[in-house]
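Thanks for coming. I have one model to go through today, so let me put it on the screen.

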Amino acid sequence: MRCTRHRMMRWSLLAFGALLLSAALPLPAQEAETETQEQRDARMAWWREARFGMFIHWGLYAVPAGTWEGKQIGGIGEWIMHHAKIPVADYAALTREFNPVKFDADEWVSLAKAAGMKYIIITSKHHDGFAMFDSDATDYNIHDATPFKRDPLKELAAACERRGIRLGFYYSQAQDWHHPGGAAAGGHWDPAQDGDMDAYVRDIAVPQVRELLTNYGKIAVLWWDTPVDMTREQADTLVPLLALQPGIITNNRLGVYPGDTDTPEQFIPATGMGDRDWETCMTINDTWGYKSYDSNWKPAATLVRNLIDIASKGGNYLLNVGPTAEGVIPEPSVERLKAVGEWMAVNGEAIYATTASPFRQLGFGRCTRKGDTLYLHVFDRPEDGRLVLPLSSKVAGAHLLVAPDQALAVENSEQGVTIALPETLPDPVATVVVVQLDGEPEVILVPVRQGEGGALKLSAVDAEIVGGGARLEGEGEPNVGYWTNASDYVTWNAEIQRPGVFEITAAIACEPGSEGSVYAVGIAEQSWWGKVESTKSWKDYTTVTLGTVHIAQAGKITVTVKPVRKPGMAVMNLRSVTLTPVEP
Ligand code: FHN
């Protein structure tokens, strides 16, 4: 440990250097908004083709591994310092026990490659403030403060370079529970954490990010996280550093700046994220950082299907592993990643460099696309063995990806294209059918039809959302959310085959404080008005009845929901509108 005065002097010199550097570096084109679409597409190309990456959460928190003073601490492992309110000095003492001698960078990179992953993002410093690299900005780093005395990020960078896989760094730029002035969600719990956040950003975050973008060769991604208390001025001291790595990709978590990618965490957005590039990050069990007793491992089949689901919506899958304090990736993770890799070795063509499905939903599974080629990922073989695609395009041919010489029978009808599957499918997790089209896919928009009991359920997933703000969100049964703009509205194309009188209901949620919106449901030239009452939260749904409608004739109808008045933050969250037949 160096003496405090020496450190202070060194910090101010570094701060001065950082100031000069920030002043000298121009804003990177992407954040200066001078980048053309063509330049952006070129910069994002490798990332869009990759589709699958490895997230690694590795830090000092792997030592307690979820247990503190004999008690199992709830929540995610890397938050143990916060959840157990561990004093700074006590947590820092863990450095003496952190000696990950089994760490082998080549082994980790080989595993990522074996899984079919194309990039790795590793925590260079998480919220606990402990740097997993040799940093001159603070001694609180793995090289200077532990018996290990190595820089694992240097070793990982070299292994990635050797084995041809891209490397990115996660960096917690605002939350730092160790260094004075660093932010902590919910506030500090130890006076040692108090200080000036501007000084923290200037003396720790800026120099460390500069080190990460200077000393480790080509860095593909800077993965910011949790911009707690981050001001524009503070963000502005970090952004120019990105120019040190031309072509670097950043996410949307710096604060203020949108970055290149959206980052849904632990969920897969219902229909992707519009025009934004996006990446779902997800744990393989229930924690990011290692917890010795978390054995809620997702089955390999789920991981494969998640990857397919994400690719079918145009996103990337950043799947996490949490190595132990010895530097070992837990065996259950290894087994699962290898199993995903086996599927990818056979079917990777249907994932890499694909774009989103042209279809809204397919009952049997998912679809990815590469130009005029569609890849159908069959999760559930229909009982009659026929895959029906709402397509008017001509099909040149179809075959199982694993059997290119055996053509599958294809029929064109009014309903679309039907492909006959073999009796048994080679892969119970997902069998890929390759469909070669003659030209662009022409999708038939299938109207929503009445169900068995005659009810017409108009779900958010089937709606066309018109406007710039409102969008589909949520898992399971998604809803129209982010409805903060009262000129946005939703509409459905439906078909009534069995006319009659129907009761109109809507499934809505509204957080207290945002109630009072008025909306109109339009059905076949008539409208019904509703006033939004609050429910317990944006996720607590209630069914409201709006009246009855008499639909006299069979045929196509349009149903719309349009806001009339929005006194609160948002109109409502809307899951569905249902027309239920009323007994005569
Ligand atoms: O607080 C962190 C969490 O520990 C983990 O790093 C995840 C990964 O996306 N990010 C934050 C929560 O959003």
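I'll start with the lining of the largest cavity: six of its residues are nonpolar, five are polar and two are charged. Keep in mind that this is a predicted model. The volume of that cavity is about 60 Å³. There are 13 lining residues, and those closest to the centre are Asn285, Thr287, Tyr290, Trp297 and Gly322.

In total, the structure has two cavities of 30 Å³ or more. At least two lining residues come from each of β4, β6 and β7. By class, this lining has six nonpolar residues, three polar and one charged.

Now the sheet. It is open, with eight strands paired in parallel, in the order β7-β6-β5-β4-β1-β10-β9-β8. Which strands stand at the edges? They are β7, residues 249-250, and β8, residues 261-262; each has a single partner strand, so one side of each has no neighbour in the sheet.

Further in, β1, residues 52-56, runs parallel to β10, residues 316-321, and five bridges join the two. Phe52, for instance, has Tyr317 as its bridge partner in β10. Helix α11, residues 300-312, packs on the sheet and touches β1, β9 and β10, with its direction at about 150° to that of β10.

Last, helix α8, residues 152-163, lies across β4 and β5. The angle between α8 and β4 is about 170°.

That's what I have; questions are welcome.

Terms used: Residues are numbered from 1 along each chain as its sequence is written. This is a predicted model: local features need pLDDT of at least 70, side-chain atom pairs count only at pLDDT 80 or more; totals for chains, interfaces and linings use all residues. Side-chain values use heavy atoms; hydrogens and water are left out. Two strands pair if DSSP finds at least two bridges between them. Helices (H or I, at least four residues) and strands (E, at least two) are DSSP runs, numbered from the N terminus. Contact means heavy atoms within 4.5 Å. Axes are lines fitted to C-alpha atoms, for helices over the stretch in contact, and angles run from 0 to 180 degrees between N-to-C directions. On a 1 Å grid over the protein atoms alone, a cavity is a set of points where a 1.4 Å probe fits but cannot get out, and a pocket is an open set with protein on both sides within 12 Å along at least five of seven lines; lining residues have an atom within 4 Å of a point. Grid points are joined across faces, edges and corners, and a volume is the space filled by probe spheres set on the points. Ala, Val, Leu, Ile, Met, Phe, Trp, Tyr, Cys and Pro count as nonpolar, Asp, Glu, Lys and Arg as charged, and the others, Gly among them, as polar.
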